[in-house]
Amino acid sequence: MLQGKIIIIVLVTLVLGFSGGFFLRPVIAPAQQAAIAATAPPAAPVSSEARGTQYFMANIDEARQVAAGCRDGSVRGGECATAEEAIIKVDAAERRRRFLGN
């Protein structure tokens, strides 16, 4: 009997809390401030398809720029992984070339 009352009290409290938050939202976050917070800063145009590892291996400077952008958070998506992979492969090839003396 006691558990049933506790469950009912908890459910009523949750319903009151959620409905109170719903109705008080305009007071807590005014419309002008909410509109400013909802708009994101303009982003650079992004191609719909991520460039591949081979592209970045051929353009290693661009891969390094993309990787730097990924580290500071200005670039996101699939290009981060492919740029890092291309940098690793190019650096490994360069180390191998120096080691073998070719």
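Where in H1 does a kink of about 35° lie? Close-up A takes this up. This is a predicted model, in which local features need pLDDT of at least 70, side-chain atom pairs count only at pLDDT 80 or more, and totals for chains, interfaces and linings use all residues. Residues are numbered from 1 along each chain as its sequence is written, and side-chain values use heavy atoms, with hydrogens and water left out.

**A. Helix H1 and its kink.** The kink lies at Phe 22, shortly before the proline Pro 26. The bend is the angle between axes fitted to the seven residues ending at a residue and the seven starting there. Helices are DSSP runs (H or I, at least four residues), numbered from the N terminus. Zero of the 27 residues of H1 are buried, so the helix lies largely in the open. Buried means under 20% relative accessible area, exposed over 50%, and partly exposed in between (1.4 Å probe, protein chains only).

The disulfide of Cys 70 and Cys 80. Their sulfur atoms are 2.0 Å apart; the cut-off for a disulfide is within 2.5 Å. The S-S torsion is about -95°, so the disulfide is left-handed. Cys 70 sits in helix H4 (residues 60–72) and Cys 80 in helix H5 (residues 78–100). Cys 70 is partly exposed at 21%. Cys 80 is buried at 17%.

**C. Thr 53 in helix H3 (residues 53–58).** Thr 53 is buried, at 15% relative accessible area. Leaving aside neighbours within four places in sequence, Thr 53 is in contact (heavy atoms within 4.5 Å) with Thr 82, Glu 85, Ala 86 and Lys 89.

Note on methods
Helix = DSSP H or I, 4+ residues; strand = E, 2+ residues; numbered from the N terminus.
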